[in-house]
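Subject: A structure to look through

Hello,

I am passing on a structure for you to look at, with the sequence alongside.

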Amino acid sequence: MSFLFSQRETNVMHYWKGPADAQKDTSKPRRDQKQRALTLEEEFLLCMMKLTMGLLLFDLAFRFAVGESTASSVFTTWVKLMSRELKWLISFPDRSIIVRSLPSMFRRYYCKCRVIIDCT
């Protein structure tokens, strides 16, 4: 995973265990961290398979021979890590730029439209 994330990010990665666990300090490596059930590459693959193919957690758990809760924890952890580390890649243009590039039909009927989110 060195091509995507540095060793530091993956060393301090705290696996998601629910909202109560989210308040803990995550800036230092955990001393009580158990051996990972999957390698970092397998964890990343699991996350990408869920995002790109929409596989269900029980299917991913079966494919990677881990529990469903482990698959869920790995997926949530990697999504949070990617969100934090890759947010600089997402740029949102100014309203004036968006209005200039709107199709004429949108300018007429949806002049306040700023973004369209397609979840198909």
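Helix α3, which covers residues 57-64, packs against α4 at an angle of about 105°, and the axes of the two helices lie 8 Å apart. Since angles from 65 to 115 degrees count as roughly perpendicular, α3 is therefore roughly perpendicular to α4. On the α3 side the contact is made by Leu57, Phe58 and Ala61, while α4 contributes Glu68, Ala71 and Ser72. Sorted by class, the residues of this contact of α3 with α4 are four nonpolar, one polar and one charged. Please keep in mind throughout that this is a predicted model, so every value here is computed from it.

Helix α4 spans residues 68-86, and α2 packs with α4 at an angle of about 85°, with their axes 9 Å apart. By the angle rule already used, α2 and α4 are therefore roughly perpendicular to each other. The α2 residues that make the contact are Leu40, Glu43, Phe44, Leu46, Cys47, Met48, Lys50 and Leu51, and they meet Ala71, Val74, Phe75, Trp78, Val79 and Met82 of α4. In this contact of α2 with α4, 12 residues are nonpolar, two are charged and none is polar.

Which residues of α2 are buried? They are Leu40, Glu43, Phe44, Leu46, Cys47 and Met49. Just after α2, glycine 54 takes a positive phi of about 70°.

Finally, some notes on the whole chain. The chain holds six helices and zero strands, so that, read along the sequence, its pattern is α-α-α-α-α-α. Of its 120 residues, 28% are buried, and the accessible surface of the chain comes to about 9200 Å², with 58% of that surface belonging to carbon and sulfur atoms. Among the contacts with a separation of 6 or more, 49% are between residues 24 or more positions apart.

Best wishes

Key:
Residues numbered from 1 in each chain as written. Predicted model: local features only at pLDDT ≥ 70, side-chain atom pairs only at ≥ 80, totals over all residues. Heavy atoms only, no water. Buried < 20%, exposed > 50% of the residue type's maximum accessible area, 1.4 Å probe, protein only. Helix = DSSP H or I, 4+ residues; strand = E, 2+ residues; numbered from the N terminus. Axes fitted to C-alpha atoms, helices over the stretch in contact; angles between N-to-C directions. Parallel < 35°, antiparallel > 145°, perpendicular 65-115°, else oblique. Contact = heavy atoms within 4.5 Å. Nonpolar A, V, L, I, M, F, W, Y, C, P; charged D, E, K, R; others polar. Areas by Shrake-Rupley, 256 points an atom, 1.4 Å probe, with all protein chains shown as cover.
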